[in-house]
Amino acid sequence: MKFSELGLKDSILSAITKMGYESPTPIQEKSIPYLLENDGDLIGLASTGTGKTASFGLPLLNQVDTQSKNTQGLVICPTRELCIQISNDLKAYSENIKGLSIVPVYGGTDIGRQIKQIERGAQIVVATPGRLIDLINRKKIKLWEVEAVVLDEADEMLNMGFKEDIDAILDQTPDFKNVWLFSATMPKEVARIAKNYMEDPFEITVGGKNETNKNIEHHYYTVKERDRFQALKSVIDFNPNIYGVIFCRTRRDTAAVADKLMAGGYNAEPIHGDLSQAQRDRVMDKFRSKTLQLLVATDVAARGIDVNDITHVIHYQLPEDVENYTHRSGRTARAGKKGTSIALINTKEGRKIKSIERIINTSFELKKVPTSDQICEKQLLSLIKGIKNDEADTSRIDTFLPVLMEELGEYSKEEIIKRFVATEFNKFLDYYENARDLNATARDNGRDDFGSKKRGRDSRNDPNQQRFFVGLGRKDGFNHGALLRLLCDNTGISKANIGKIDILEKFSFFDADKNETERILESMKGVDFEGNRMSIEKTKGSNDKGDGKRSSSRRSGGRSRRNERSKSSNRRRSYRN
Ligand code: AMP
């Protein structure tokens, strides 16, 4: 089907042709003719990236009366980012419609300017719920001529606690208006809005109900809890051209994962609620422009991330609420492109994968964390392909060629290739040389078991564990529970990352995931237990025999292998440079 067959005005058709839209997406094909021909309510069930904006935007623009300055179309969406995106899309679609004004209103920015824009006349207002309520309360927006209210990403808005706001907004709009509701999923709360505010809505479902985009492949890797971060790095390294979003559950984990990735030379940055709006905007701008390769995000901060070409969504941890999986994975495979959604799970989370499979009505594929050889081969090929495809101006080297020939002339072509690749690549190979197999089986409970029995397992010979000394013991009333509680509360790391604990008379020892060493030492500074300061230090070595000897953390420092990646391998991580 062609856009020209849908019944849209020529002024709109010419604009979307200019934008490169050739044929309507499935949801556009169904919703546009319906909305143009019928005066009724509509429910569109489709995930993000399926072309929803044009599905409601084109019919909305088609029906606007530019002779009137009053607000006729109201689009409500969950986030500031989405609000800006929708209004920009609508502006592009209506480029050739004279006298039309589209105004985005969202929080976190000067309301005065938005009020002035509305007062000048805005036939279409695109708003986030909170700011719209503010404008309604200040009597700065008149909604009595609104003919269509679009609720975009309705499930997200309800997830974010906008239920009352949406009710209040809908109550302010005239009875004759139509409601066009779009949602990726159909939880009870969304159904309630449909029941209360819509009349016999026409329902369009793209794919199955609650089903995610068919262009997304869903993979999962089962690893022990303590290997989660290492597995993340392996997955990233195995996909050298990844342009992705990594989801974590909490702000703290988001910041920690991003910090560790950055320290390891990856081109990654976090986005979460502890950052100011300006900081979030800066990160998003970098990500959109592909200067940033990996965005590490909380579910909330990632809402409204509408960026095309994202190749991978990685669930560093599965979402608390499995419904959120759909939203997360919908960030990839937009606009008909393909994408991969990767979940890293521990040995006890298999059941969650099963529940998600039921919700999205799609099977996951269990993948093996790639071996060092597989990763190195991938990286090497990527390096070589980069050289082949690079259109660098080699003529500038001509001047130096005689000297280079004199120096390297004695080597064969094969020898020169080997030497150049080795210079670039040896540090990377070194890094992976002795890497362990990170795959775990569901039965292998290992350290995922939070119970005391497994915690008793001696992991001092494990190179991934760091042993710590604590200057408190039984005589101070110190015990296992207190140690665990203080560690988890102050560092934010999970119990699963803490290993064997030995409480002795005057002092204690515990093991923890080596990757968490800095976090533990930093976060535990100054923490006290019942008035006694809890001095924590690294013991001399993780593989100590006996109960470990104290040593100053400074003394046992030294560059970790992770930080020994070569500068050149770090450079390669910049996206498409
Ligand atoms: P949306 O779901 O509306 O955010 O759209 C996702 C992406 O697909 C956006 O970048 C749109 O510009 C693009 N898009 C939407 N409809 C079409 C179409 N019919 N042809 C090509 N690209 C489209």
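1. In this predicted model, the structure holds 12 aromatic pairs. One of them joins F478 and F529 in an edge-to-face arrangement, with 5.1 Å centre to centre and 70 degrees between the planes. This pair links distant parts of the chain, 51 residues apart: F478 sits in the loop between β15 (465–470) and α20 (480–491), while F529 belongs to strand β18 (residues 528–529). F478 is buried, its relative accessible area being 2%, and F529 also counts as buried, at 5% relative accessibility.

2. F507 and F509 form an aromatic pair that is likewise edge-to-face, at 5.9 Å centre to centre and 85 degrees between the planes. F507 is partly exposed, with a relative accessible area of 32%, whereas F509 counts as buried at 2%.

3. Ring pairs also connect F3, Y21 and Y93 into a cluster.

4. The largest nonpolar core comprises 36 residues, of which L58, L61, L90, V126 and W180 touch the most other members. At least two residues of this core come from each of α1 (10–18), α2 (26–37), α3 (52–63), α4 (80–93), β4 (124–127), β5 (148–151) and β6 (178–183). A second, separate core has 35 residues, among them V105, A122, F162 and V179.

5. Leaving aside residues up to four places away in sequence, L90 touches G57, L61, V75, I102, I124 and V126.

6. On the surface, a nonpolar patch is formed by I397, F400, L401, L404 and M405, which together have about 470 Å² of accessible area. L401 lies in helix α17 (residues 401–408). With a relative accessible area of 39%, L401 is partly exposed, and it therefore passes the cut-off of over 30% that applies to patch residues.

Notes
Residues numbered from 1 in each chain as written. Predicted model: local features only at pLDDT ≥ 70, side-chain atom pairs only at ≥ 80, totals over all residues. Heavy atoms only, no water. Patch = residues over 30% accessible without salt bridge, like charges linked within 9 Å, V, L, I, M, F, W, Y side chains within 5 Å. Areas by Shrake-Rupley, 256 points an atom, 1.4 Å probe, with all protein chains shown as cover. Salt bridge = Lys/Arg side-chain N within 4 Å of Asp/Glu carboxyl O. Helix = DSSP H or I, 4+ residues; strand = E, 2+ residues; numbered from the N terminus. Buried < 20%, exposed > 50% of the residue type's maximum accessible area, 1.4 Å probe, protein only. Core = buried A, V, L, I, M, F, W, Y, C linked by side-chain atoms within 4.5 Å. Contact = heavy atoms within 4.5 Å. Phe/Tyr/Trp six-rings, centres within 6.5 Å; stacked < 30°, edge-to-face > 60°.
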